[in-house]
Amino acid sequence: MTEPTFATQVSRWYEQNARDLPWREPGVGAWAILVSEVMLQQTPVVRVLPAWHAWLTRWPTPAALAADTPAEAIRMWGRLGYPRRAVRLRDCAVAIVERHGGEVPDRLDHLLALPGVGTYTARAVAAFAYGQRHPVVDTNVRRVVCRAIAGEPDAGPTTRPADLVACEELLPAEPAAAALASAAFMELGAIVCTARSPRCPECPVESTCAWRASGKEAPAGPTRRPQRYAGTDRQVRGLLLAVLREATGPVPHQRLDQVWSDDVQRARALAGLVTDGLVEPVGEDAFRLLGDGPPAPLPAR
């Protein structure tokens, strides 16, 4: 009898052990999956779950979001982090309506052409929403493949073309089975083959894992040094956005001055929000979320 492949072993494990997440339920559409993939970027599942439910309750289709303002997308994003994702997701919804009649496209090249949709997200939607055969490679998948196949303890901080090739070589030929395997690789890395405390005895491929056989230890420190938050421009930007999200109209500069005592850092953070397309000036001395109300008057010459 032929031994089960790596993908088969991990897929069987996944079918018995996968977390019960709403975007994995049968019948969930491509738009809901796209929203989940954007929200999950650099954000834990526990924080995404309530935001995902709220977002889709308000905007169940791309057309619904496209018809609303960028300001409302930013407000709805709340404190999920990296708020430019909210604007990009709305831009993506607008493009889906204009180019694809309001339906998330199923072709990889069309997905890649959408605003804010990168290599990972496009492949994830194609695989998980449409059951196509594409290597879906995130940090968790790279770690699983690097350890189990290459015998190395860590895959490094960035995805390389070689990672896509290595993952694709492991996928079954049949598209639906390949899509299942892609989800399984990701889940294994998320909950078993973790970066610092892997639960090897629970792994379905422990007996054939090249890293276990090598005897190499996991790196003692993080692959990437954790980013400091307190006192950074990111914190100041978050405080400024919190005030603007709660406002019902333009916020005077004097009100924003109360958010942070360092004038130089506060001004830099506010300018960054404007540059990033999250905030716009109103007149000479007020600010609001992008698109929050009638068009801002042009500056006087």
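E187 is buried, with a relative accessible area of 1%, where buried means under 20% relative accessible area, exposed over 50% and partly exposed in between, computed with a 1.4 Å probe on protein chains only. The structure is a predicted model, in which local features need pLDDT of at least 70 and side-chain atom pairs count only at pLDDT 80 or more, while totals for chains, interfaces and linings use all residues. Residues are numbered from 1 along each chain as its sequence is written, and side-chain values use heavy atoms, with hydrogens and water left out.

E187 forms a salt bridge with R24, that is, a side-chain nitrogen of Lys or Arg within 4 Å of a carboxyl oxygen of Asp or Glu. Because E187 lies in helix 11 (residues 175-191) and R24 in the loop between helix 1 (6-17) and helix 2 (30-39), the pair ties together parts that are 163 residues apart in sequence. Helices (H or I, at least four residues) and strands (E, at least two) are DSSP runs, numbered from the N terminus. R24 is partly exposed, at 31% relative accessible area.

By this rule the count comes to 19 salt bridges, including these:

| Pair | Closest N to O |
|---|---|
| E187 and R24 | 2.7 Å |
| D276 and R84 | 3.6 Å |

R58 is partly exposed at 35%, whereas E72 is buried at 18%. Both residues belong to a network of salt bridges that links R58, D68, E72, R75 and D292.
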